[in-house]
Amino acid sequence: MDRTIAIDVSHLSKIYDSYRAVDDLSFQVYAGEIFGLLGPNGAGKSTTLRTLITLLHPTSGTATVMGYDTVRDADKVRTLIGYVPQERAIDRFLTGREHLQLLGALYHLTKEEAAKRIAELLKLVELEAHADRPAKTYSGGMKRKLDIACGLLPDPKILFLDEPTLGLDVQSRLRIWDYVRMLKARGMTVVMTTNYLDEADQLCDRLAIIDGGKIKTLGSPVELKIALGGDIVSLTLKETDRIHSLESELKSRPAIKAVRATTKGLDIRVESPEKALPTILESANRLGCDIDFIQYNRPRLDDVFIAHTGRAITESIPESETA
Amino acid sequence: MAHYWQEISALTMRWVRRLSREKFSMLFTLVQPMLFWLIFFGNLFQRAADTQVMQAPNYISFLAAGVVVMTVLNNGLAGGVDLLFDKENGFLERLMSTPIHRSSVILSRFIFVMAITSMQVLVILGVAYLFGVQPATGLLGVATILLIGMMFGVGLTAISMAMAFSVKSHGDFFSVLGFLSLPMIFLSSALVPLTAMPGWMSFLAQFNPMTWAIDAVRPLILSGWTEALPHVGMVVLVMVVFDALCLYGGAKAFRRAMG
């Protein structure tokens with residue numbers, strides 16, 4: 001597949017004192033996709049993002065945005081990107097409109113250009129009615145919407161979102177997802193960090209799982225799940241003494257990737273359940289195994305995460321790795 | 001250049017807007033606690049203070065110069081606070097991810113702090129006037145006082161910003177601030193002339209740039225140009241060195257914080 005590269009990160013490292021926050025990272029983001037950096041807190045995803053938006057200088061390695069180096073051509077990069085920070089970077093005394101006006105001046109828009117764009121954005125994020133109230137009266141969701149409007153003000157080629165739905169209620173969260181999908185539909189490239197697996201799964205075209213400053217795996221959510229070795233069919237048998245004969249029977253079949261005996265039955269890893277299920281049922285039938293219960297699981301992104309990092313995303317990082 | 005100006009004026013307007021939104025804060029900023037020093041402390045010590053020692057007609061006219069420079073001190077040292085909050089809530093990152101000159105944010109803060117400080121100094125001189133303190137050097141003298149205030153204020157604001165960019169938490173910032181401000185005042189000629197201080201205190205006070213500023217402002221208020229000019233010349237020199245050091249430190253801290 002020949003696609004335009006929007007961001008090219010090559011052997012990027014960032015070392016604080018002796019701590020490697022980001023360790024020899026290389027990846028590419030294609031134009032027009034939603035790219036996710038998924039990982040637990042402290043994994044290095046924010047450091048990576050801050051490097052891309054020119055706020056951090058890499059210790060070694062390079063990153064380019066639309067072909068411009070984030071250190072050498074920082075000013076050029078800044079004109080091409082929009083940034084939505086992780087914290088509610090809101091001045092509580094300014095109104096929503098004043099936030100956007102301030103940024104308009106910082107992106108060197110004329111008053112007329114700015115006024116036009118601000119009106120469009122306020123409409124887009126549904127803040128028109130609240131535009132002239134100080135931001136301290138806004139709810140969390142409204143602040144987030146204003147954050148996003150601020151990120152979109154420069155009409156960026158690439159929008160960077162740092163934990164876009166952290167701490168939001170479910171409705172605001174779904175609303176933000178809608179915006180992100182809409183931006184993609186308009187042709188914008190979106191790079192986001194998240195530590196929510198469902199968010200990465202729902203939203204990202206491709207994602208990199210980052211842990212301990214390194215990329216553990218990279219691909220589309222579907223690819224990552226498939227790479228895990230397919231779906232899992234779990235059988236519970238009525239007579240447990242037949243388990244082993246069925247196991248050896250199934251192992252030789254091409255549609256089956258792996259078989260593992262459990263206490264009550266078998267866990268069968270399959271390429272595609274559509275092909276494998278008839279085989280399984282037929283074999284069981286032929287050997288006279290009565291099946292009590294059959295369950296079929298698609299691997300979730302959780303399984304991918306655990307397989308690549310050795311722990312669930314909610315588990316904290318062991319002491320030895322953070323030190 | 002037009003871009004630069006657009007950035008700086010928009011950022012300065014933000015500081016003005018913030019202040020105007022906090023009506024109470026604005027009131028208390030302008031009618032500063034410093035004014036109480038002048039009104040209460042000045043009048044309280046009117047009879048307790050020895051005019052021979054002060055070399056002034058009364059204590060309040062002696063104190064006026066001290067209060068002017070104390071105002072500059074407090075405003076300057078607090079000048080970085082807003083940037084500290086911007087750093088903590090991510091607003092600064094948002095500003096820095098835009099294609100602005102890196103110095104715009106800082107310059108806007110200098111402009112704002114200097115403007116507010118000048119207004120306060122004028123209020124203080126106005127109140128002093130009501131208590132019968134007439135600047136001996138007239139309006140040109142007042143302008144000179146403002147200039148000295150600016151020169152001192154720039155260095156102090158730079159220190160404050162350097163601290164804002166370096167500290168880990170705002171608790172640290174305010175501890176250091178509280179720790180710095182009072183000794184700076186007591187170890188200066190703000191409240192009593194150096195000649196009336198215990199030897200060790202007057203010795204230390206000589207190294208306080210604040211003393212130099214006060215010793216230049218005071219004759220501008222009390223005596224007249226002939227006595228003031230050598231002091232003014234001296235303070236300009238001292239402040240050039242002071243500002244250079246502070247700005248160098250501030251720029252270093254800023255660059256470190258901004259990667």
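**Architecture of the predicted model**

A:Asp24 is placed in strand β2 (residues 19-30) of chain A, where helices (H or I, at least four residues) and strands (E, at least two) are DSSP runs numbered from the N terminus. The model is predicted, so that local features need pLDDT of at least 70 and side-chain atom pairs count only at pLDDT 80 or more, while totals for chains, interfaces and linings use all residues. Residues are numbered from 1 along each chain as its sequence is written, and chains are lettered from A and ligands numbered from 1 in the order in which they are written.

The phi angle of A:Asp24 is near 55 degrees, a positive value in a residue other than glycine. Most residues other than glycine have a negative phi. A:Asp24 is partly exposed, with 14 other C-beta atoms within 10 Å; a residue is termed buried if 20 or more other C-beta atoms lie within 10 Å of its own, exposed if 12 or fewer, and partly exposed in between, with C-beta atoms placed from the backbone. A positive phi, near 75 degrees, is also found at A:Thr54, in the loop between α1 (45-52) and β4 (60-65) of chain A. A:Thr54 counts as buried because 26 C-beta neighbours lie inside 10 Å.

Chain A contains 12 helices and 14 strands, and its C-alpha trace spans about 80 × 45 × 40 Å along the principal axes. Of the 323 residues in chain A, 42% are buried. The chain is divided into domain 1 (5-224) and domain 2 (229-298), with bounds that come from an automatic or database domain assignment. The C-alpha centres of domain 1 of chain A and domain 2 of chain A are 45 Å apart. Two residues are taken to be in contact if their C-beta atoms, placed from the backbone, lie within 7 Å. Among contacts in chain A between residues at least 6 apart in sequence, 69% join residues at least 24 apart.

Strand β2 belongs to an open sheet of 4 strands in the order β2-β1-β4-β5 (chain A), with antiparallel pairing. The edge strands are β2 and β5 (68-69) of chain A, each of which pairs on one side only. Two strands are considered paired if DSSP finds at least two bridges between them. Strand β1 (residues 5-16) of chain A is joined to β4(A) by 5 bridges in the antiparallel sense, and A:Ser10 has A:Thr62 as its bridge partner in β4(A).

Strand β6 (residues 81-84) of chain A runs parallel to β7(A) and is joined to it by 4 bridges; A:Phe160 is the bridge partner of A:Tyr83. Strand β8 (residues 189-194) of chain A also pairs with β7(A) in the parallel sense, over 5 bridges, and A:Met192 is the bridge partner of A:Leu161. The chain passes from β7(A) through helix α6 (residues 170-185) of chain A to β8(A) in a right-handed β-α-β crossover, meaning that, with the strands pointing away from the viewer, the path from the first strand over the helix to the second runs clockwise.

A nonpolar core is defined as a set of buried Ala, Val, Leu, Ile, Met, Phe, Trp, Tyr and Cys residues joined through C-beta atoms within 7 Å. The largest such core holds 150 residues, and those that touch the most other members include A:Ala149, A:Phe160 and B:Val69. Helix α9 (residues 138-166) of chain B gives the most to this core, with 14 residues. Leaving aside neighbours within four places in sequence, B:Val69 is in contact with B:Phe152, B:Ala190, B:Met210, B:Ala213, B:Ile214 and B:Val217. Another core, of 14 residues, lies apart from the largest one and includes A:Leu246, A:Val259, A:Leu266 and A:Ala276.

Between the chains, 26 residues of chain A are in contact with 21 residues of chain B. On the side of chain A that touches chain B, α2 (74-80) and α3 (96-106) of chain A are the elements that give two or more residues, and α3(A) gives the most, with 5 residues.
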